[in-house]
Amino acid sequence: MASMAVQLLGFFLGLLGLVGSVVATVLPHWRRTAYVGSNIISATAYMKGLWMECVWHSTGIYQCEVHSSMLALPPDLQAARALMLLSCLTSTLAALVSSAGMKCTRCARGSSIKHALAISGGVCFLSAGMLCLITVCWTTNDVLLDFYNPILPEGMKYEIGMAVYLGYVSACFSLMGGAVLCLNCEGRPRNPLHLPRHRHPCPPLVFNTINTPAPPSYPPAALSWNYSPSRTSLSSNGYRLNDYV
């Protein structure tokens, strides 16, 4: 029962990582305007995401524009797109496989591949968490390099957005869920050929009385094996040999 509860904990942690990765991929808050220098007071704020760029006005109006051409995007943005999509797909696959391999489900119950499915789901969660973590770390590194670049104008500097922090949290959830699923699975059952054999008592012998011929019957005289009685046997019957000699 405790093992089943730990498996459920790992599955729900991975599921939270999946939801967080999807939300972080869709949100445009990967980079936001840095309020430094002359740009500290501004009526507009710019945000960049993997799929669109948005402008926020002080009046509360949002204006977003989707990236029109994928080939015109910088290579780091294309790589971030691909990695986050792979992370979401791997997390989805991990959720499906691990749900089939958990003890609380009826799928493949009693089969030797059930524990292998749970381990495979945990490995997929670990892979998805690593892909998401690589993407957000890469984006953080690019933002920090541009922010501390003295040549870059202050109006073109950005800070880390909310979606990046959400990506860190989602990656941690996926890694923890995958680790719990992998560490909680039991080993493979032993080969039944190596199990100790219990010896069953042998059944009693049953003679076939139908086809077995009956033993021959002999008269009483034939059973006396023609031997002379000894003195001891005669005296034991109340007769003495001296009475007849």
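These legends walk through several close-up views of one predicted model.

In this predicted model, local features need pLDDT of at least 70, side-chain atom pairs count only at pLDDT 80 or more, and totals for chains, interfaces and linings use all residues. Residues are numbered from 1 along each chain as its sequence is written, and side-chain values use heavy atoms, leaving out hydrogens and water.

View 1. Helices (H or I, at least four residues) and strands (E, at least two) are DSSP runs, numbered from the N terminus. Along the sequence they follow the pattern α-β-β-β-β-α-α-β-α-α. Of the 245 residues, 31% count as buried; buried means under 20% relative accessible area, exposed over 50%, and partly exposed in between (1.4 Å probe, protein chains only). Contact means heavy atoms within 4.5 Å, and among contacts between residues at least 6 apart in sequence, 65% join residues at least 24 apart.

**View 2. An open sheet of 5 strands in the order 4-3-2-1-5.** The pairing is antiparallel, where two strands pair if DSSP finds at least two bridges between them. Strand 4 and strand 5 (158–160) are the edge strands, each pairing on one side only. Neighbouring strands are turned by 25 degrees against each other on average, direction ignored. For such angles, axes are lines fitted to C-alpha atoms, for helices over the stretch in contact, and angles run from 0 to 180 degrees between N-to-C directions. Helix 3 (residues 114–147) lies across strand 1 (31–33) and strand 5, running at about 145 degrees to strand 5.

View 3. Look for methionine 52, whose bridge partner in strand 4 is valine 66. The hairpin has 4 residues between these strands, and glycine 60 takes a positive phi near 95 degrees there. Strand 2 (residues 44–48) also runs antiparallel to strand 3, joined by 5 bridges, with tyrosine 46 opposite valine 55.

**View 4. The 2 salt bridges of the structure.** Side chains of opposite charge can pair when their charged atoms come close. The criterion is a side-chain nitrogen of Lys or Arg within 4 Å of a carboxyl oxygen of Asp or Glu. Arginine 31 meets aspartate 76 at 3.7 Å, N to O. Because arginine 31 lies in strand 1 and aspartate 76 in helix 2 (residues 75–101), this pair ties together parts that are 45 residues apart in sequence. Arginine 31 is buried at 18% relative accessibility, while aspartate 76 is partly exposed at 24%. The other pair is glutamate 159 and arginine 32, at 2.9 Å, N to O. Glutamate 159 sits in strand 5 and arginine 32 in strand 1, so parts 127 residues apart in sequence are tied together.

**View 5. Residues 117–140 and 160–183, listed by UniProt as "transmembrane region" in an unreviewed entry.** UniProt positions are given in the numbering used here, feature names are shortened, and annotations may be inferred rather than shown by experiment. Residues 117–140 are 100% helix, with end C-alpha atoms 35 Å apart. Residues 160–183 are 92% helix and 4% strand, with end C-alpha atoms 34 Å apart. Cysteine 172 belongs to helix 4 (residues 162–184) and is partly exposed, with a relative accessible area of 42%. Its C-alpha lies 9.2 Å from that of glycine 14, although cysteine 172 and glycine 14 are 158 residues apart in sequence.
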